[in-house]
Amino acid sequence: TAVLPFSSADREFWRQFEAFLNECDGRFAFVLEHDGQARLYTDPVGMIGAVYDAEAHRFASSVHLALTRPVEANPLYSAPILDGIETRYGIFHTCDAHVKRLNPSYYLDLNTFAPHRFWPRNEVFSLDGTTHAETYDEIIARLRFNTRAIVSAYPCALPLSGGRDSRILASVASESLGDIRLCYTHVKNWASSVDAHIGAAVASSLGVAHSVFGKLKEVRSERWERNLLNHAFEITHGSRTAPPQEYQNGLLGEVPSDYVILRGHQTDFLRAVFVFRPKPEWSDPLWQIERMLLEPRDAFTPEIGAHFAKDFMDWQATLPPNAMEKAADFMFLEVYYNSSLGALFPALWQHFYLSPFNSRRLIELSLRFDEEERRQGFPVYDIIQKTAPACAAVPFFQESAEPFADLSIPDLYGEVAKARFADTQARLERYYENASLAAE
């Protein structure tokens, strides 16, 4: 049982709670009642799932759980301009005309069922008054603490790939890897076979075992099972979409169903993955709506973008000034992640997925770095190399011309990452030397 670090008699109870909430991490929701008022709060990107019907005064983790009536089709998605196009629900819409997805930076007043923004407040999304070294150290300490707490409380599994998100988790939390029950990679296609190759080297560099499940084109499920699975997933997800491939091909059965699966989501704020355009274009809705993938990329047109533009602009107008300084990141945080992970994770019934990086404080720290250095991946490279240099020496996916060298022998792959490793080391030495001089 958790105990809040302040009194329910505190006159600033809600402010105190919201300050506490900034420190919370993982995938969660809070329903609180205080002094006659009840509220719903969620994790920073709403990966717990939170939808509500203001007319019926109901809220739930997914659309069909919020309804006591048949679905009433969302007219925005029934427009002639979308005829014949497979679309995804976004910008707080769902398949139902009256059920909305809660913006995770808002709380839902359960007395009136009106949402109200509570975050961000006075956060500073820049390095003004601090340094790279101080920010790196706090990110590392918090992510390490969060992962240790989750791993000590639940049986956990960590998927490893050739990318950056899983590696930063594994590197920073290397002290806890011995308590993680399973580090693994699912092989579904050529790209994931490369992930398995690199994932094995990452695990070896950290001294832990690594399992590979599946092989190219392997399917362990029968057609009737896949048909049933697809139908069930459409119900739990609240849209006509297919479940992840490892569900369809039966490979996910290799991971015990009571395991918590640790994901690297939100570490991608350290890479500014959605900041594709310069700041003067952040108020332009069209390219950002296209990046939301509400429809297949090749089906997007300016007319479709204009169809959703009002909702986008209405949302962006709610951002406070400090968030507008990172408007493209906040689109990713409040709009994209909310409608993707917020729909996907509650729909997956076999395991509980969460990210140890999913805290408002860690997101705030990530957004301190400017867009250019994040787009180049410098904060990710720096944090991995500071916490696990041997792991940093393993090449990343697409860092080398194919085929990869034998990654089981570090001497054979050292040249691939040599230049990146040296550049990263020079940056770290500069940042921490500057930090030492400042301390003196």
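Start by selecting arginine 39 and tyrosine 107: the charged end of arginine 39 sits over the ring of tyrosine 107, 3.9 Å from its centre. Keep in mind as you go that this is a predicted model.

**Around arginine 39**

Now show strand E2, residues 37-42. How many of its 6 residues are buried? The count is 5, so strand E2 is mostly covered.

Next, bring in strand E1, residues 29-34. E1 and E2 run antiparallel and are joined by 6 bridges. To see one of the facing positions, pick valine 31, whose bridge partner in E2 is leucine 40. Follow the chain from E1 into E2 and you trace a hairpin with 2 residues between the strands. Stop at aspartate 35 in that turn, where phi is positive, at about 55°.

**The rings**

Colour the aromatic side chains next; the structure holds 31 aromatic pairs.

Are they buried, exposed or in between? Phenylalanine 20 has a relative accessible area of 22%, and phenylalanine 30 has one of 24%. Buried means under 20% and exposed over 50%, so each of the two counts as partly exposed.

Then widen the selection to Phe6, Phe13, Trp14, Phe17, Phe20, Phe28, Phe30, Tyr41, Tyr107 and Phe118, which ring pairs link into a cluster. Tyr107, from the opening stop, is one of its members.

**A three-stranded sheet**

Move on to strands E4, E3 and E5, which form an open antiparallel sheet in the order E4-E3-E5. Strands E4 (58-60) and E5 (99-101) stand at the edges with a single partner strand each, so one side of each has no neighbour in the sheet. Looking along the sheet, the twist averages 25° from one strand to the next. Select residues 51-53 for strand E3, which is joined to E4 by 3 bridges. Here tyrosine 52 stands opposite phenylalanine 59 in E4.

**A five-stranded sheet**

For a parallel arrangement, display the open sheet of 5 strands in the order E10-E9-E8-E11-E12. Its edges are strand E10 (211-213) and strand E12 (352-354); each has a single partner strand, so one side of each is left without a neighbour. The twist in this sheet averages 35° from one strand to the next.

Zoom in on strand E11, residues 260-262, which pairs with E12 in the parallel sense over 3 bridges. Leucine 262 stands opposite leucine 354 in E12. While you are here, select phenylalanine 352 and arginine 27: the arginine lies over the face of the ring, at 4.1 Å from the ring centre.

**Last stop: a cavity**

Where does leucine 262 turn up again? It is among the residues that line the largest cavity, together with Thr147, Leu158, Leu169, Ala170, Ala173, Leu177, Ile180 and Pro356. That cavity has a volume of about 30 Å³, and a search of the whole structure finds 1 cavity of 30 Å³ or more.

Methods
Residues numbered from 1 in each chain as written. Predicted model: local features only at pLDDT ≥ 70, side-chain atom pairs only at ≥ 80, totals over all residues. Heavy atoms only, no water. Pairing = 2+ DSSP bridges. Helix = DSSP H or I, 4+ residues; strand = E, 2+ residues; numbered from the N terminus. Axes fitted to C-alpha atoms, helices over the stretch in contact; angles between N-to-C directions. Phe/Tyr/Trp six-rings, centres within 6.5 Å; stacked < 30°, edge-to-face > 60°. Buried < 20%, exposed > 50% of the residue type's maximum accessible area, 1.4 Å probe, protein only. Lys NZ or Arg CZ within 6 Å of the ring centre and 35° of its normal. 1 Å grid on protein atoms, 1.4 Å probe; cavity = no way out; pocket = protein on both sides within 12 Å on 5 of 7 lines; lining within 4 Å. Points joined across faces, edges and corners; volume = space filled by probe spheres on them.
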